[in-house]
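Colleague: I've got a model open and I'd like to learn how to read it feature by feature. Can you walk me through it?

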Amino acid sequence: MQVVLDYLKRNQARFVAELCDYLRFPSVSAQPQHKKDMRACAAWLVHHARQIGLEARVYPTAGHPIVVAKTPVSAALRRGKPRPHFMIYGHYDVQPPEPLDLWKSPPFAPRIQGRSIYARGSMDNKGQNFAHLKAVEAYLQTGTPLPCDLTFVIEGEEEVGSANLAKFLKAHRAELRCDAVVISDTDIPSPKHPALAYSLRGIIAFEIMVRGPSRDLHSGVFGGAVENPAMALARLLAQLRDASGRVTIPGFYDDVAPLSAYERKQFARLPIKDRDLQKLLGVKKLFGERGFTPAEQRSARPTFEINGLTSGYQGEGSKTIVPAWARAKITCRLVPNQKPAKIRELVCRHIEKICPPTVRLEIESGHGAEAYLVSPKSVRARAALRALQAAFGCQPVLMREGGSIPIVNDFKKILGADSLLLGLGLPDDNAHSPNEKFNLDCFAKGQAMSAHLWQELSRA
Ligand code: BES
Ligand code: MN
């Protein structure tokens with residue numbers, strides 16, 4: 001084990017240079033003009049995985065390709081008793097970098113400043129999956145036997161809903177069957193607080209369209225006698241939450257699992273103070289459902305959020321119209337026990353009920369996923385905590401995450417495997433925002449964590 005850790009320590013500078021190569025691909029899954037870059041990035045990954053001693057190949061899909069890389073299994077090992085098998089899941093696709101003018105350096109020209117590397121995808125998720133690749137490289141290149149078989153599955157469609165991955169899992173069920181999936185694609189509160197996340201929120205996405213007159217109208221000539229669609233939509237949306245953010249849709253909270261005393265105690269151990277959070281986010285004042293702390297509100301309570309709101313004239317100056325339509329992009333985050341289909345139904349019926357008769361309503365459904373929750377006390381969870389402790393040199397915390405990784409539910413359903421969420425991101429890493437970064441200490445500690453993890457998990 002020590003030779004593995006020494007190898008990691010010795011090679012940090014090269015690892016960082018290689019990560020920069022990985023980050024130079026503008027692998028933006030949402031934008032069709034980057035289709036070629038997606039393929040090039042996948043090919044680079046395969047080439048790199050082969051170089052470090054893995055058996056790797058690209059699988060094309062109806063969308064962007066999936067990269068699979070496995071530790072080689074020798075004939076002697078194959079004849080021996082079956083070994084544990086773990087999957088490492090990650091994604092090489094990234095969020096669109098826009099707005100570009102807010103980046104201090106170009107998003108696909110990685111820049112190192114202090115202990116951080118700035119680039120789109122540095123934290124979400126290239127830096128995090130690369131840390132695992134480097135840990136496995138250390139085993140392979142030092143000739144240190146791994147106590148288990150490992151398969152990397154690094155996809156190119158996580159940021160657009162993983163539409164083709166479930167089908168791939170079904171088609172390759174036998175070879176992908178594993179004892180657990182390890183995912184580093186979440187945050188930790190600070191480098192002094194490594195964390196095992198044991199829950200993710202689910203999600204439902206939809207768009208609301210409210211149509212009024214058949215075209216934009218002169219607001220002086222007709223205003224007053226027709227409903228303004230922007231106003232109708234604003235009134236409608238405003239009725240869906242109370243002043244503290246609690247969702248007012250009947251039945252919305254019916255299935256929400258209450259927080260146990262044990263969980264609330266874990267939340268209370270998280271180091272981030274309300275004032276720090278307020279400062280980090282640049283808000284005038286925090287906000288949120290009464291009876292819950294911000295940490296609980298952010299990860300263990302469901303939400304109703306407007307992600308985008310459009311209507312009428314958006315150009316410079318004034319234009320006196322009654323707009324023909326208004327549109328809102330919405331997502332609700334869901335928590336364990338809430339069923340996406342049921343919540344979608346409740347939300348749609350309620351919106352239809354309260355929509356005024358003066359406008360036409362259309363609701364378009366988008367993606368959806370259940371929340372995820374596993375026991376933080378399982379044998380494997382405890383093994384993961386030991387690996388975190390060994391790598392970070394301090395006691396890890398248990399937390400629930402507010403974001404979503406929809407595919408974890410398919411790992412459970414299709415492969416029967418639980419996911420261990422061992423994130424390496426920091427709250428100020430700017431995921432999905434301009435100036436995304438990844439902390440180089442988190443990168444190095446993540447490699448060490450991965451190296452320890454295979455020992456701890458295989459023993460467990
Ligand atoms: N890495 C994130 C998910 C995440 C981030 C979970 C931080 C917990 C903490 C992932 O890449 C992501 O952005 N997921 C999307 C999924 C959605 C598009 C279905 C999300 O959560 O918005
Ligand atoms: Mn993301």
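This is a predicted model: local features need pLDDT of at least 70, side-chain atom pairs count only at pLDDT 80 or more; totals for chains, interfaces and linings use all residues.

Colleague: Then is Leu453 buried or exposed?

Modeller: Leu453 is buried, because its relative accessible area is 0%. You'll find Leu453 in helix 15, which runs over residues 440-459.

Colleague: And Gly223, where does that one sit?

Modeller: Gly223 is in the loop between strand 10 (217-218) and helix 8 (229-238). With a relative accessible area of 37%, Gly223 is partly exposed. Leu453 and Ala119 are 334 residues apart in sequence, and their C-alpha atoms are 28 Å apart.

Colleague: Next up, disulfides. How many disulfides does a search of the whole structure find?

Modeller: The general idea is that a disulfide covalently joins the sulfur atoms of two cysteines. Here the search finds 0 disulfides.

Colleague: On to the metal. Which residues are the protein donors of the manganese ion (ligand 2)?

Modeller: For a metal site, look at who donates, then at the angles. The protein donors are Asp124 (OD), Glu159 (OE), Glu159 (OE) and His432 (NE2), lying 2.1 to 2.6 Å from the manganese ion. The site has 6 donor atoms, and with angles of 54 to 153° among them it is irregular. Along the chain, the donors follow the spacing D-x34-E-x272-H. Asp124 in helix 5 (residues 122-141) and His432, in the loop between strand 17 (419-421) and strand 18 (437-439), are 308 residues apart, so the pair links distant parts of the chain.

Colleague: What surrounds ligand 1?

Modeller: There are 13 residues around ligand 1, and the closest are Glu158, Asp185, Arg333, Ser404 and His432. For polar contacts, check distances between N and O atoms. A side-chain N or O atom of Glu158 is 2.7 Å from an oxygen atom of ligand 1. For Asp124, the corresponding distance to an oxygen atom of ligand 1 is 3.1 Å, and a polar side-chain atom of Glu159 lies 3.1 Å from a ligand 1 oxygen. On its own, ligand 1 has 520 Å² of accessible area, and the protein covers 85% of that.

Colleague: Last topic: what should I look for in the backbone?

Modeller: Most peptide bonds are trans, and phi is negative in most residues other than glycine. In this model, the bond from Glu98 to Pro99 is cis, with omega near 0°, and the one from Asp124 to Asn125 is cis, with omega near 10°.

Colleague: And what is phi for His432?

Modeller: Phi of His432 is near 65°, which is positive. Asn435 has a positive phi too, about 60°, and is placed in the loop between strand 17 and strand 18. At 11% relative accessibility, Asn435 is buried.

Definitions and conventions
Residues are numbered from 1 along each chain as its sequence is written. Chains are lettered from A and ligands numbered from 1 in the order in which they are written. Side-chain values use heavy atoms; hydrogens and water are left out. A disulfide is a pair of cysteine sulfur atoms within 2.5 Å. Donors are N, O and S atoms within 2.8 Å of the metal (3.2 Å for Na, K and Ca); water is not among the atoms, so sites may look incomplete. Four donors count as tetrahedral if all angles lie between 85 and 135 degrees; four count as square planar and six as octahedral if opposite donors are over 155 degrees apart and all others between 65 and 115; anything else is irregular. Helices (H or I, at least four residues) and strands (E, at least two) are DSSP runs, numbered from the N terminus. A residue is near a molecule or strand if one of its heavy atoms lies within 4 Å of it. A polar contact is a pair of N or O atoms within 3.5 Å; within protein, one must be able to donate a hydrogen and the other to accept it, and residues adjacent in sequence count only if both atoms are side-chain atoms. Accessible areas come from the Shrake-Rupley method with a 1.4 Å probe; for residues, only the protein chains shown count as cover. Buried means under 20% relative accessible area, exposed over 50%, partly exposed in between (1.4 Å probe, protein chains only).
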